[in-house]
Amino acid sequence: MAEKGVKVFGMWASPMAIRVEWALRLKGVEYEYVDEDLGNKSEALLRYNPVTKKIPVLVHDGKPIAESTIIVEYIDETSKDGYPLMPVDPYERAQARFWARFAEDKCNAALYPIFVTTGEAQRKVVHEAQQCLKTLETALKGKKFFGGDSVGYLDIIVGWFAHWLPVIEEVSGASVVTDEELPLMKAWFDRFLAVDMIKAALPDRDRLLALNKARREQLVSSA
Amino acid sequence: MAAKEELKLLGVDVSPFAIRAHMAVVIKGVSCEYVVEDLSNKSELLLSSNPVYKKVPVLIHNGKPICESLVIVQYVDEIFSGDGVPSILPTDPYERAIARFWAAYVDDKFFPVLRGIVLALTEQERVEKATETLAAIEPLEEAFAMCSKGKAFFSGDSIGYVDLALGSLLVWIEAIRRMYNIEIISASKTPRLSAWAERFGESAAAKEVLPEVDKAVQFGKMLEAAASAAAASK
């Protein structure tokens, strides 16, 4: 009997997994969500993604796809009649893919050190992260969203910042995205989180806060 | 294709990333001005076209820059398509996702450890990186069987996205063999990739674009020297 439907293997606190959920919700695609315990991964996950063994994995009619940015493009290509995620113009698409890659490679790497440092060391990495985000901010350039008038691919890829960064800031005692340093990004955070489909999939803030508080204590004490 | 299409590609012969972009353009059969950059003295055009990274390759299409090799390859594939024009990415969305996955794997998992062999500061580190690289190539050997379905390339009958992603590194894989006697691809351990590598090298696009391996060896020696100088001055 052939497997039918859409399944998402994710983890409730994962920013990568939420991208997939946002894309599916914007498209109006129904899916089954499987919440993984990353310390004890399911046999199914390991079977569907033997190469990297990571979440998220999308399984569409039994066929698995890994890597959140790739999954989001796949969702867009297979639901062409639904809400458009990728820009229509090839040059704009190239820009969106470029910035997604920049955010993944540079911004993520710049944010993590904030989480594991304190004092002067933290001040230094906060400044570096702000420079990184300022570069990304140029892609907003006077638009409501990275995608233009409505949420698009790049918003989905970097959107996790809007919900997770304030939590990381609170847990780490740092101020990163402020009105003074990153006004466009801060304003975009508010607009992004106000979108119904986006709001619908956010993990509980208190639960996220508690999880990250515990992780930071662990990481900082072992540093 | 529109009457007036101006294509310029900024690159460096030995850069695998520039090789991908260059081969993509050649495969599409479109005319493109190839500008060789001096990385120790980057042109104004490069710096202004890629202010974020200041790196090659950069494709400039009718004055508009596109950066990041895989972004360039996808762009070229989308812009130049139609009857008789070879496709680089598959048309089926699932196969496209699989191709993107393996190209990302090459960049995220394979390339860093491969490069680590050249940049290693000690023999022990070099051996570690070599071991990691040999482990990282195994899934690609399996992937070839799955993707090619018995045909010549990852993409089937002709060179495609994953072929470009990995094939652009073949010059370096061979350079590493000459420099350190480390075999990443071999007929005994990775027979499918070994045969594929030969076919890749024999292709018209590769023959036009790939530099002599010795150029990569020379560049590799420069990278080695720079790495030890940087470590010594810390």
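## Basis of the model

Residues are numbered from 1 along each chain as its sequence is written, and chains are lettered from A in the order in which they are written. Because this is a predicted model, local features need pLDDT of at least 70 and side-chain atom pairs count only at pLDDT 80 or more, while totals for chains, interfaces and linings use all residues; side-chain values use heavy atoms, without hydrogens and water.

## Chain A

Chain A contains ten helices and four strands, where helices (H or I, at least four residues) and strands (E, at least two) are DSSP runs, numbered from the N terminus. Their order from the N terminus is β-α-β-α-β-β-α-α-α-α-α-α-α-α.

The C-alpha atoms of chain A fill a box of roughly 60 × 40 × 30 Å along the principal axes. Of the 223 residues in chain A, 50% are buried (under 20% relative accessible area, with a 1.4 Å probe and protein chains only). Among contacts in chain A with a separation of 6 or more, 71% join residues 24 or more positions apart; a contact means heavy atoms within 4.5 Å.

## The second largest pocket

A pocket is an open set of points on a 1 Å grid over the protein atoms alone, where a 1.4 Å probe fits, with protein on both sides within 12 Å along at least five of seven lines; lining residues have an atom within 4 Å of a point. The second largest pocket is lined by 23 residues, and A:Glu77, A:Lys80, A:Arg93, B:Glu78 and B:Arg96 lie nearest its centre.

Helix 3 (68–78) and helix 4 (90–116) of chain A, and helix 3 (69–79) and helix 4 (93–119) of chain B, each supply at least two residues of this lining.
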